[in-house]
Amino acid sequence: MSTVPEVKLIIYFRKSLNVLSMFQRLRKYWANLSQKLAAQDAEDTEESRRAQFERNYLWNLIARFKRTLDRIDDESNEIDLEDIRYCERFIELMIDLEALLPTRRFFNALLHSSKLITHCVLSKLISSEAGSLFCQLVEMLKFYARFEINDITGQQLTHKEVSDRHYEHVVKLQKAAFKYFRESMPDFYLLSVGSVDSRKALLKQFGSMKKSEIYRFAEYLHLVPPMDSENSQLETYSKEFLTETITLHCERRVNQLQQLNEQPLYPTEQVIWDENVVPYENYSGEGVLALNKLNLQFLTLHDYLLRNFNLF
């Protein structure tokens, strides 16, 4: 198997979605690809180095974005508006990759493996006045990263399929509690899913736990490499980071149709006076707007209708 770090991390996330087990053809493709990558990495030629660069490009681009975001959050540095603009443009690129099935099919696993959304949610920029547009863009990215669609087949998921997937995540979390913390968490794995799947309940549950214990939960959900392996990231991730990662994975989500029904038919004052959505007259088109784009291809019919509803 390839020693490239992002490939290993993608494997853990792919396992969490049971993608390889649900699609036997993918398992065969993945086995063949792993052998080719291992043989290619063993060669020290210009062609192999170029192939490795192309394979690592998006992962390295995300890593660069994280470093830029950390530099903005560093209070010892002055806020650079160019760095903020770069972050906004980068999130726009991520949204574009997620909103098209040909790129989403391969990119969505990498996005989740990189923990990019968790990094953005925990940043100081997202809650600052200068990061209002950044916050709106991250919300759009979260929406498309968890869009109700099968990334492989492109089929829209039914409400039952979405609910089954959510219940599977929470039940797996309860199984982890039963396996590792049967004595210290006697009630968690006995409660109903509806009692533990809210963001408030999850944050409260993990708030009193140690970082190593939370890491065990994330490991059981295949969100992080095993603690005992050489790729363990126990020292890399903070307690808050691990908690937010698990919460984003297991929290109850509002149904897309319900979200649409709760929106007003006509623009409200909040929308009209939001320059991130409705720019002023002197807008030159150089900046990013927190708006959907009308493409030639859409994820589902619901995606097409929702974009038109938001725009018009």
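Q: How far apart do the C-alpha centres of domain 1 and domain 2 lie?
A: In this predicted model, the C-alpha centres of domain 1 and domain 2 lie 24 Å apart. Domain 1 covers 44-146 and domain 2 covers 159-250. Eight residues from domain 1 and seven residues from domain 2 take part in the contact.

Q: What area do domain 1 and domain 2 bury between them, and on which atoms?
A: The two domains bury about 690 Å² between them, and 68% of this is on carbon and sulfur atoms. On the side of domain 1, Lys-115, Thr-118 and Leu-122 lose the most area to domain 2, together 66% of what that side buries.

Q: What is the count of salt bridges between domain 1 and domain 2, and what is the count of residue pairs in polar contact?
A: The salt bridge count between the domains is zero. The count of residue pairs in polar contact is three, with both residues at pLDDT 80 or more. Helix H7 (residues 116-121) supplies four residues, the largest share of the side of domain 1 that touches domain 2. That side divides into three nonpolar, two polar and three charged residues.

Q: Why is Met-94 called buried?
A: Buried means under 20% relative accessible area, and Met-94 has 0% relative accessibility, so Met-94 counts as buried. Met-94 lies in helix H5 (residues 81-98). Leaving aside neighbours within four places in sequence, Met-94 is in contact with Ile-62, Phe-107, Leu-116 and Leu-141.

Q: Why does Thr-243 count as buried?
A: Thr-243 has 8% relative accessibility, so Thr-243 counts as buried under the 20% limit. Thr-243 is part of helix H13 (residues 239-250), and touches Leu-203, Phe-206 and Ile-214, not counting residues up to four places away in sequence.

Q: What makes Arg-50 and Glu-54 a salt bridge?
A: The closest N and O atoms of Arg-50 and Glu-54 are 3.5 Å apart, and the cut-off is within 4 Å, so the pair qualifies as a salt bridge. Arg-50 and Glu-54 are four residues apart in helix H4 (residues 46-73), which means they are separated by about one helical turn. Arg-50 counts as exposed because its relative accessibility is 56%, and exposed means over 50%.

Q: Why is the pair of Arg-252 and Asp-197 called a salt bridge?
A: The closest N and O atoms of Arg-252 and Asp-197 are 2.5 Å apart, so the pair meets the limit of within 4 Å. The pair links distant parts of the chain, 55 residues apart: Arg-252 is in the loop between H13 and helix H14 (256-262), and Asp-197 is in the loop between helix H10 (193-196) and helix H11 (199-207). Arg-252 counts as partly exposed at 46% relative accessibility, whereas Asp-197 counts as buried at 4%.

Q: What parts does the salt bridge of Glu-244 with Arg-199 tie together?
A: The closest N and O atoms of Glu-244 and Arg-199 are 2.9 Å apart. Glu-244 lies in helix H13 and Arg-199 in helix H11, so the pair ties together parts that are 45 residues apart in sequence. Glu-244 is buried, with a relative accessible area of 6%, whereas Arg-199 counts as partly exposed at 28% relative accessibility.

Conventions. Residues are numbered from 1 along each chain as its sequence is written. This is a predicted model: local features need pLDDT of at least 70, side-chain atom pairs count only at pLDDT 80 or more; totals for chains, interfaces and linings use all residues. Side-chain values use heavy atoms; hydrogens and water are left out. Helices (H or I, at least four residues) and strands (E, at least two) are DSSP runs, numbered from the N terminus. Buried means under 20% relative accessible area, exposed over 50%, partly exposed in between (1.4 Å probe, protein chains only). Contact means heavy atoms within 4.5 Å. Domain bounds come from an automatic or database domain assignment. Buried area is the accessible area (1.4 Å probe) that two parts lose on being put together, summed over both. A salt bridge is a side-chain nitrogen of Lys or Arg within 4 Å of a carboxyl oxygen of Asp or Glu. A polar contact is a pair of N or O atoms within 3.5 Å; within protein, one must be able to donate a hydrogen and the other to accept it, and residues adjacent in sequence count only if both atoms are side-chain atoms. Ala, Val, Leu, Ile, Met, Phe, Trp, Tyr, Cys and Pro count as nonpolar, Asp, Glu, Lys and Arg as charged, and the others, Gly among them, as polar.
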